[in-house]
Amino acid sequence: MGTAPRVALVVGANGVIGGNLIDYLSTLDDWQIIGLSRRGGQSTERIRYISVDLLDAQDTSAKLSGLTEVTHIFYAAYQDRPSWAELVPPNLAMLSNVVDAIEPVAPRLEHVSLMQGYKVYGAHLGPFKTPAREDDPDHMPPEFNIDQQAFLQRRQAGNDWSWSALRPSVVIGFGLGNPMNLAIAIAVYASMSKELGLPLRFPGKPGAYDSLLEMTDAALLAHATVWAATTPACANQAFNITNGDMFRWSEMWPKIARYFDLEVAPPLPMSLSTIMADKGPLWENLVSRYDLAVSSYEQVSSWEFADGVFGWNYDFFSDGSKARRYGFHEFVYTEAMFLSVFDTLRTRGIIPTAS
């Protein structure tokens, strides 16, 4: 009699992180996959999608009460709000609603994986201590990442299941309709610059062009997430997960421009949220001329997030050695990662191909 398969409940299945995690899990023979999101998805033999409003405890309980086979919860859901304080209640509620629904009905539950980020270190507030380490002290609340981890720590006490927390930098990967997709923002910005006959200007704050930062490939993050969730030594631990190299935009930006066959002009601080707000008609023209696959400008607009990333005029990196010490040794060359995602966007008809 064979061993029962592991069953992953991927919460936030349609995001860049959740989608890439599902892609990776689907390549592993011993996993069955259940994806949760508000929009749902097209189920297959290996992957079952469930549409659920995680902010509604009753709906969550009703939709998840039959998932008795779940062994691993991979939590990557996120609800945006206008202020840091407003982020706490919905994001804490969604996690607790999922755990409240699954823990009582899933006797084989082994692990809860929590997706975090550098907000744990206060990176969103301004210059923070670098390299950031997993045992750095918490900062003054409000901060939902910290509250979510504290919830899991309390909930896990005395139980057989364990938790892990993954802390990536900016996650780069293919995904549509996500407000936190830097790769698409850069690709669309470059494509429009080319259409208008303009050089590629870095639009970030003064100083951001020369700050030192790192990023996290979505596929690498998926591998690390499964590794942490299935390695006993990683139980009840947090891990920084990054590509393994660092860069400055002053070095990366010309390489991106070269990919799009553009010249580089000196940086010019400008809000993409503002200057790209009227570019819907330009996008529609590109869609028509190049027969692109995505007609909705909103689906490829991540300008507010890009403004945030390009506004980091301070170093933005962590110490990733803990994961290596515990046995995770994969790495990704960040320049190759960007170019690979741009290739994917062209192949899928999201942006124009090279002229």
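Author: The centres of domain 1 and domain 2, taken over C-alpha atoms, are separated by 28 Å. The domain bounds come from an automatic or database domain assignment. This is a predicted model, in which local features need pLDDT of at least 70 and side-chain atom pairs count only at pLDDT 80 or more, while totals for chains, interfaces and linings use all residues. Residues are numbered from 1 along each chain as its sequence is written, and side-chain values use heavy atoms, with hydrogens and water left out.

Reader: Which residues belong to domain 1 and which to domain 2?

Author: Domain 1 covers 6-171 + 217-241, and domain 2 covers 174-215 + 246-317 + 333-348.

Reader: How many residues of each domain are in contact with the other?

Author: In domain 1, 16 residues are in contact with 16 residues of domain 2. Contact means heavy atoms within 4.5 Å.

Reader: Turning to helix packing, at what angle do H5 and H9 pack?

Author: Helix H5 (residues 182-195) packs against helix H9 (residues 280-290) at an angle of about 80°, and their axes are 11 Å apart. H5 is therefore roughly perpendicular to H9. Angles of 65 to 115 degrees count as roughly perpendicular, under 35 as roughly parallel, over 145 as roughly antiparallel and the rest as oblique. The axes are lines fitted to C-alpha atoms, for helices over the stretch in contact, and angles run from 0 to 180 degrees between N-to-C directions. Helices (H or I, at least four residues) and strands (E, at least two) are DSSP runs, numbered from the N terminus.

Reader: Which residues meet there?

Author: From H5, Val 188, Met 192 and Glu 195 meet Leu 282, Trp 283, Asn 285, Leu 286, Arg 289 and Tyr 290 of H9. The residues of this contact of H5 with H9 divide into six nonpolar, one polar and two charged. Here Ala, Val, Leu, Ile, Met, Phe, Trp, Tyr, Cys and Pro count as nonpolar, Asp, Glu, Lys and Arg as charged, and the others, Gly among them, as polar.

Reader: Now electrostatics. How many salt bridges does a search of the whole structure find?

Author: The search finds eleven salt bridges. The criterion is a side-chain nitrogen of Lys or Arg within 4 Å of a carboxyl oxygen of Asp or Glu.

Reader: What does Asp 30 pair with?

Author: Asp 30 forms a salt bridge with Arg 6, and the closest N and O atoms are 3.7 Å apart. Asp 30 lies in the loop between helix H1 (16-25) and strand S2 (31-37), and Arg 6 in strand S1 (residues 6-11), so the pair ties together parts that are 24 residues apart in sequence. Asp 30 is partly exposed at 38% relative accessible area, and Arg 6 is partly exposed at 27%. Buried means under 20% relative accessible area, exposed over 50%, and partly exposed in between (1.4 Å probe, protein chains only).

Reader: And Lys 255, what is its partner?

Author: The side chain of Lys 255 meets that of Glu 335 in a salt bridge of 3.1 Å, N to O. Lys 255 lies in helix H7 (residues 249-259) and Glu 335 in helix H12 (residues 334-347), so the pair ties together parts that are 80 residues apart in sequence. Lys 255 is partly exposed at 22%, whereas Glu 335 is buried at 18%.

Reader: Which residues are linked in a network of salt bridges?

Author: Asp 100, Glu 103 and Arg 155 are linked in such a network. Within it, Arg 155 and Glu 103 meet at 2.8 Å, N to O.

Reader: What is phi for Asn 236 and for Asp 291?

Author: Asn 236, although not a glycine, has a positive phi of about 60°. Phi of Asp 291 is near 55°, again a positive value in a residue other than glycine. Asp 291 lies in the loop between H9 and helix H10 (303-310) and is exposed, with a relative accessible area of 66%.
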